[in-house]
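Hi,

Here's the structure I said I'd pass along.

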Amino acid sequence: GDEDNFTQCGQFFRNVLSSDARERLTDNIAGNLVNAQDFIQQKVIANFAACDAAYGKMIQNKVDALKKKAGKSRKSQATKAAALNPPREINGKSKM
């Protein structure tokens, strides 16, 4: 009931980690979180935001960017279909 599970984590994020370390940490968390279901992402990001608002915001922004990037790559893959029967070479000559 009275346990504080967020203050120490927030202090670590703000006072111990360098800005580069914060970037790497949030990159790692977002990279693993992006494939989770949306309701899990929301809960996890809310927990990090409870530690430090910037911590939660960084993770949220990176998850959003990864989702957007994944959406673009799926669209480009869908529009660029591979040939079903690519030409084959037999004895150095193209055969269709």
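One to start with: which residues are exposed on the other side of α3? They are Gln-42 and Lys-43. Bear in mind that this is a predicted model.

The buried residues of α3 are Gln-41, Ile-45, Phe-48 and Cys-51. Looking down the helix axis, these buried residues sit within an arc of 105°, so they line one face of α3. As for its length, α3 has 14 residues and runs 20 Å from first C-alpha to last, close to the 20 Å expected at 1.5 Å a residue.

Now the cysteines. The structure has 0 disulfides. Cys-9 isn't in one, and its nearest cysteine sulfur, in Cys-51, lies 3.4 Å away. That 3.4 Å between the sulfurs of Cys-51 and Cys-9 is too far for a bond, because a disulfide needs the two sulfur atoms within 2.5 Å. Cys-51 counts as buried at 10% relative accessibility, while Cys-9 is partly exposed, at 26% relative accessible area.

Val-34 is in the loop between α2 (19-33) and α3 (38-51), and with a relative accessible area of 18% Val-34 is buried. Leaving aside residues up to four places away in sequence, Val-34 touches Gln-41, Val-63, Leu-66 and Lys-67. Gln-41 is one of the buried residues of α3. Val-34 and Asp-64 are 30 residues apart along the chain, with their C-alpha atoms 8.1 Å apart.

Cheers

Key. Residues numbered from 1 in each chain as written. Predicted model: local features only at pLDDT ≥ 70, side-chain atom pairs only at ≥ 80, totals over all residues. Heavy atoms only, no water. Helix = DSSP H or I, 4+ residues; strand = E, 2+ residues; numbered from the N terminus. Buried < 20%, exposed > 50% of the residue type's maximum accessible area, 1.4 Å probe, protein only. Contact = heavy atoms within 4.5 Å. Expected span 1.5 Å × (residues − 1). Arc of directions from axis to C-beta.
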